[in-house]
Amino acid sequence: MIIAEQKPLDEILEMISGVERLLVLGCRGCVAVCSTGGDKEVGVLASALRLGRNKAGKPIKIDEETYVRQCDPEYLEPLKQDGENYDAVLSMACGVGVNFIADRCPDINVLPALDTSFYGANLSSGEWAEMCAGCGACVLHLTGGLCPVARCAKSLSNGPCGGSVGGSCEINKDLPCIWHQICEKLTGRNQDQLLREIVPIRDWRPSGHGGPRRRIREDLLP
Amino acid sequence: MNNNHQIGRIVAFCCNYTASVATDTLRDAGLIPESLDVRKLPCTGRIEVPALLDAFEQGAEAVFVAGCRVDECHNLSGSRRAEKRVGYTKKILKELDIDPDRIEMFFVHYGETQPIVEAVREMTARISKLERLHSI
């Protein structure tokens, strides 16, 4: 899922400094699952912003709403009309939601409450880790399912760098060297011939370096 | 504690099994100040951050949560969860430049009244040293 983190409150308060009527808009997609932008977090942020503005002597009227998703057009339909009641809409979706509101509801002043971080998995309650870089050219069949693009600090394609020591990455000893794990796993499965394959220089265009990406499935087009 | 009403309202979220018993006893004995707004919960693990912030929004100068001692919680981890939520609320208050000492977690043994008295005294002492959060 997409992992995000709420921006610091002083940054958000600065963003809404001239706003008198605000809609805090959550999303029940990824950001709700990673406890950053769902119903509960909307309540916490709205309450915190009211407290902050009251303390500054500038009370604000805040309404709270959470959509099923902010990245599908049908769920944004109500916002086209409801959004007119507010000076700004503070989106608690990932950057996709904020962009989509800006695209679909151009008259609405949409602001981001979150910093979108990465594609990750939930390790335990309250802990997430990056597992995928969305690079557009998956090599997991060659690496025992462990991604060297997202989980190697240097996104190396052909084994660990010289900084891999005792199974740890040189940038942080608490971070496992994913290439160490890949080697251990493939060797243990007698698939070490995969390690001898030289992976050519990666074409980074599918990862976004070739411009914004778009996927089209003809059979689903209207 | 007779002058507590002059220094602002304190909201106490209390576990129904332990701390609420103490507050009932103290209230019957006339030992609970008028400024203390006691809200009973089936377990302090039920408390959520929005409720803690809402208490401040509604005019509290200080908030405390009184739950079971960590190893005595009827629901095993309720008071530990409450402690974490109090901690998260402290972080939010700090970000808003509001003194995080305005909220605290207290652990109370079943039937003990003294920790509640001390909690009220402690929170009263804290807010008496701070500027008022809300105008009178």
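Domain bounds here come from an automatic or database domain assignment, and on that basis chain A is divided into domain 1 (2-118) and domain 2 (133-207). In this predicted model, the C-alpha centres of domain 1 of chain A and domain 2 of chain A lie 37 Å apart.

**Helix 3 of chain A**

- Helix 3 of chain A covers residues 39-55, and its 17 residues should span 24 Å at 1.5 Å a residue, which agrees with the 24 Å that separates its end C-alpha atoms.
- Because twelve of its 17 residues are buried, helix 3 of chain A is largely enclosed by the rest of the structure; among the buried residues are Glu41(A), Val42(A), Leu45(A), Leu49(A) and Arg53(A).
- Within chain A, the buried residues of helix 3 pack against strand 1 (2-6), helix 1 (9-15), strand 2 (21-27) and strand 3 (61-67), while in chain B they pack against helix 2 (49-57) and helix 3 (78-95).
- Helix 3 of chain A is followed by Gly57(A), which has a positive phi, near 75 degrees.

**Contact between chains A and B**

- Twelve residues from chain A and eleven residues from chain B take part in the contact.
- On the side of chain A that touches chain B, the elements giving two or more residues are helix 1 and helix 3 of chain A, and helix 3 gives the most, with nine residues.
- By class, that side of chain A has five nonpolar, three polar and four charged residues.

**Nonpolar cores**

- In soluble globular proteins, nonpolar side chains tend to be buried together.
- The largest nonpolar core has 85 residues, and those with the most contacts inside it are Val24(A), Val31(A), Met92(A), Phe64(B) and Ala66(B).
- Apart from this core lies another, of six residues, which include Cys152(A), Cys169(A), Cys177(A) and Ile182(A).
- Leaving aside residues up to four places away in sequence, Ala66(B) touches Ala12(B), Cys14(B), Cys15(B), Ala19(B), Phe106(B), Val108(B), Ile116(B) and Ala119(B).

- Not counting residues up to four places away in sequence, Gln181(A) touches Leu146(A) and Pro176(A).
- Gln181(A) and Gly144(A) are 37 residues apart along the chain, and their C-alpha atoms are separated by 9.1 Å.

Terms used. Residues are numbered from 1 along each chain as its sequence is written. Chains are lettered from A and ligands numbered from 1 in the order in which they are written. This is a predicted model: local features need pLDDT of at least 70, side-chain atom pairs count only at pLDDT 80 or more; totals for chains, interfaces and linings use all residues. Helices (H or I, at least four residues) and strands (E, at least two) are DSSP runs, numbered from the N terminus. The expected span of a helix is 1.5 Å times one less than its number of residues. A residue is buried if 20 or more other C-beta atoms lie within 10 Å of its own, exposed if 12 or fewer, and partly exposed in between; C-beta atoms are placed from the backbone. Two residues are in contact if their C-beta atoms, placed from the backbone, lie within 7 Å. A nonpolar core is a set of buried Ala, Val, Leu, Ile, Met, Phe, Trp, Tyr and Cys residues joined through C-beta atoms within 7 Å. Ala, Val, Leu, Ile, Met, Phe, Trp, Tyr, Cys and Pro count as nonpolar, Asp, Glu, Lys and Arg as charged, and the others, Gly among them, as polar.
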